[in-house]
Amino acid sequence: MMKPTFGKRILFFVLSDLFLSAATLYLAYALRFNFAIPSHFLDNFWRIYSVLVLFKIAAFFFFRIYFSSWRFFGLQDFKRLFYGHVAAYTAFVALFLAAREWFIPMPRSAIAIDFVLSMMVLGGLRISKRLVIESAGDREKKKCLIVGVTPRTSQIIKSALSGEIPYYPAAVIDTQGTMSGTYVENVKVYGMDRLAEVIEKEEAKAALIAQRFEPKELDELVEKLDALGVRELKMVSLLADRNEQLKDIAIEDLLARQPKDLDTKAIEKFVKGKTILVTGAGGSIGSEICRQVLKFGAARLVMVDNSEYNLYQIAEQMDPSRSVAKLVSVLDRKRLAQLFAKYRPQIVLHAAAYKHVPLCEENVEMAVENNILGVKNVIDLSIRYEVEKVVNISSDKAVRPTNVMGATKRVGELYAQNVPSEKTEIVSVRFGNVLGSSGSVVPKFREQIQKGGPVTVTHPEITRYFMLIPEACQLVLQAAAMAKGGELFILDMGEPVKIVDLAKKMIRLYGKEDEIDIEFTGLRPGEKLYEELLIDEAECKTRYESIYVAKSTHYDIDELNRDIDELLESDNKPEVLKRIVPEFMRREVDRLKKPGAEPDGREKSA
């Protein structure tokens, strides 16, 4: 009997409105006559009440007030309650004017008083449950700051007060300083200059970031909040249905850079309506390139990969009417040729490669074969089948390489620059590490932190360039769009990042500074302390600030082919690689410990 249902809720509110309307009308009479109501005015009290309450209930049903949830009664519901009252009392006044004799005697001013009382009492009943639940719930919620005054701010406060998220908004921080002293949904707004004071006063332990920040600004904000003891940080994203979603701040949010000169029109013109073949389509870079080319209007996408699982994953995300997945290795020249002959691609994007430095050092033969013979097969077949443009995706490790992977990528660049291309434009694009790619340091650190540490870093001074995968892939397509053939493009990777600082930031974002240590394990074979993108920065400007072009390196193609053949047959491949790439200085190192570190090689993360 006590279980709430839709019908029981309507019956409860109808009966409540009948009783409360009688009470407010009587109180209106009492107020009108200073609590000494003349007896003759009460003779037709119930007649007036009956007509008025009938109009109210009819209007409330019309405006669907009885269908509102008691638990979530809000501003929109209150507006409908007001409209219902206006309609009911207007109808009553109209009937009074038409049949005045039937209502006399009646204190007309009491009806106006009753309108106000009824709004207050009936509205108060409907919002009472929400107030009680929220007051009880607020005591259990974490006090938080909301950073940023935007349309999201109001929405997130409402979500917090309605119990949709486990936070209680104690204050709003205006980063611009223009709204300081005002209120948003009855929560006071303070300027950034009072941040420390507000955190101490309100004892806030969390912050919800409702404003978009540039990564550098966000990084500074995170550092400032952390120093003031606020370590639980969430980003607020507002979805299309106006529900809020809170997500943890990721390291990608702090390191992301949106290119200012991204030319989406040039990319669309380059891609739209074309048949595009992508090798390594299941990898981190290849799969994002597949998404981008379909987004920019490719007519057909041919996805090539030798990993069944990776190819399946990306194929499931693609439009089957515009894409096809082919399980083929770039080393299988015969089957690769069949694909070129069947689909006749106009653009080929070669992303297939072995990229993990230590694994390539342990498996030199496969690294050489896959990274050199693979690119050679793709370029040769592209020329044979008159592909308009081939893009060879290279690496910053090809600059003065100290490992087999970098040296093989440099050989691929040399072949792309010097092979007679006939009708085919062949270019290479070189960039550094991408955040979140398979086998990269960010997923590794994330997994180590989730397991409770330690987080392992090879060396305290090691630095790397980082770029988000979508950003890198868009710039690859943009560079390809302006290529004429033979260029080696280099993407601007921004400022290099110390890996140990990256590890510390990630540990801090997880709020585990006191729990997780950083352990230095020593440089691995072939690993550099510092990566480079350019050998000679002269003559490297293009019309886009984010893209440079390096000077070409001449290498007689007949000699290069002979050297590659010898390399593939050789039992000492590193030595032959050094002849092709004279700057290749293979580094084989023992594991190092940071000077001054604790005996077990550990350093506290703080």
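Helices (H or I, at least four residues) and strands (E, at least two) are taken here as DSSP runs, numbered from the N terminus. On that basis the protein has 21 helices and 22 strands. The model is predicted, so that local features need pLDDT of at least 70 and side-chain atom pairs count only at pLDDT 80 or more, while totals for chains, interfaces and linings use all residues. Residues are numbered from 1 along each chain as its sequence is written, and side-chain values use heavy atoms, with hydrogens and water left out.

**The whole chain**

Begin with the entire protein in view. Of its 606 residues, 52% count as buried; buried means under 20% relative accessible area, exposed over 50%, and partly exposed in between (1.4 Å probe, protein chains only). Contact means heavy atoms within 4.5 Å. Among contacts between residues at least 6 apart in sequence, 76% join residues at least 24 apart.

**The open sheet**

Next, select the strands β10, β9, β8, β11, β12, β13, β18 and β21. In the order β10-β9-β8-β11-β12-β13-β18-β21, these 8 strands form an open sheet with mixed pairing. Two strands pair if DSSP finds at least two bridges between them. At the edges stand β10 (323–327) and β21 (547–550), each with a single partner strand, so one side of each has no neighbour in the sheet. From one strand to the next, the twist averages 20 degrees.

Within this sheet, display β13 (residues 425–431) and β18 (residues 488–491), which run parallel and are joined by 3 bridges. V429 is opposite F489 in β18.

Two packed helices are described by the angle between their axes and the distance between the axes. Axes are lines fitted to C-alpha atoms, for helices over the stretch in contact, and angles run from 0 to 180 degrees between N-to-C directions.

Select α15 (residues 364–384) with α16 (residues 404–418): the two pack at an angle of about 15 degrees, and their axes are 9 Å apart. The crossing is right-handed. A crossing is left-handed if the near helix is turned anticlockwise from the far one by less than a right angle, and right-handed if clockwise. Residues in the contact include V368, I372 and V375 of α15 and M405, V411 and Y415 of α16.

The axes of α15 and α20 come within 11 Å and cross at roughly 145 degrees, in a left-handed crossing. Here V368, E369, I372, L373 and K376 of α15 meet N561, I564, L567 and L568 of α20.

**Backbone exceptions**

Most residues other than glycine have a negative phi, and most peptide bonds are trans. Centre the view on I104 and P105, which are joined by a cis peptide bond with omega about 0 degrees; P105 lies in the loop between α4 (100–103) and α5 (108–138). Then go to G453 and P454, where the peptide bond is also cis, with omega near 0 degrees. P454 is in the loop between α17 (441–450) and β15 (455–457).

Finish at two residues with positive phi. E203 has phi near 55 degrees and sits in the loop between α7 (195–202) and β5 (206–209); with 59% relative accessibility, E203 counts as exposed. E386, with a positive phi of about 55 degrees, belongs to the loop between α15 and β12 (389–395). E386 is partly exposed, at a relative accessible area of 48%.
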